[in-house]
Amino acid sequence: MLHEFTINIPYKEIDQYTDTLNATGIYNLYYESPIEIIKVQNGYGYEEREDQQVDLKIYASDMEVKNLPEAYYSLLETTLSISRKDISYSSHEEANWEQSYEFEDVDLGNGWVISYPNSKEQYHDRNVLKFDPLAAFGTGLHETTQGCLRMILDKDLTGKSVLDLGTGSGMLTIAASLKGAKKVIAVDYEEVARELYHNAELNNLNNDLKVVQADLITGDYTIEDVYDLILINIGANETMSILKKHDLLKNSNNFIISGLVEWHIDQLIADFQAGGFSIHEKAQTNEWVTIHFSKQ
């Protein structure tokens, strides 16, 4: 049995409480920082609200502590100088406490479905992109990823070369490969080769896939080759920095750019237009924008 004790305290005193509990040997603690989501130039940010109260949860298991919950009631009352009425209590079966999160399949509405490892669905009338997020960034649930996927999966990339910058777990690389791309170079700041090759195997891909770990903005890596299509799903500021550092507009006549918010796209559009590009296709879901720029 897992025992959960909850006390409501000022957030500005959270460190004091956790230090006191740690000193008595209580380490299994959890709380959510009170934050307020705010708009920033490149998307969203957050601010911590130190003036708010938070629930500090303390956990203990029958396998580690005897005489629960009474043992912890007494310990918390003494250690924190609080009364029993200030402590909320609940218990959980440990076998059911930690369950892996299971994603629901995503129908992209264009004849394609993202199917996750736990799925039991069989799709006979739609194309399937099999995907296992593992540890890298990118699950396919965000509007920007889905915007890119719809554009990619609506194109015939047979025999084409593709560069995927900021690939994360590689979903856009997998999509381009499924649409016939002969060669895809996937670049990310993190080491994501394990995730990407795993997902390539799930989809029975045998095209030329190469994963490069590199810092695209401040590192030494340079982009020299020309590609039929370049994908960037990061953010407007990061995209503009990459375009400038690598003089990237010379490397392709087609770019699919996402990770953009509607209030911060004007300069990016201006940069592409100055390079001779026009907007071939633009899609928006909520505030998130995806644009296909092309040059004749």
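The accessible surface of the protein amounts to about 15900 Å², and 44% of this area belongs to carbon and sulfur atoms (Shrake-Rupley method, 1.4 Å probe). The model is predicted, so that local features need pLDDT of at least 70 and side-chain atom pairs count only at pLDDT 80 or more, while totals for chains, interfaces and linings use all residues. Residues are numbered from 1 along each chain as its sequence is written, and side-chain values use heavy atoms, with hydrogens and water left out.

The overall dimensions come next. Along the principal axes, the C-alpha atoms fill a box of roughly 75 × 45 × 35 Å. The radius of gyration is 25 Å, whereas a compact globule of 296 residues would have one near 19 Å (C-alpha atoms; globule rule 2.2 Å times the number of residues to the power 0.38). The domain assignment gives domain 1 (2-98) and domain 2 (137-294), with bounds from an automatic or database assignment. The C-alpha centres of domain 1 and domain 2 are separated by 41 Å.

The secondary structure consists of 8 helices and 16 strands (DSSP runs: H or I of at least four residues for helices, E of at least two for strands, numbered from the N terminus). Among contacts (heavy atoms within 4.5 Å) between residues at least 6 apart in sequence, 65% join residues at least 24 apart.

Of the 296 residues, 45% count as buried, meaning under 20% relative accessible area with a 1.4 Å probe, protein chains only. Helix 4 (residues 143-153) is mostly covered, with 9 of its 11 residues buried; among them are Cys148, Leu149, Met151, Ile152 and Leu153.

Methods:
Buried means under 20% relative accessible area, exposed over 50%, partly exposed in between (1.4 Å probe, protein chains only).
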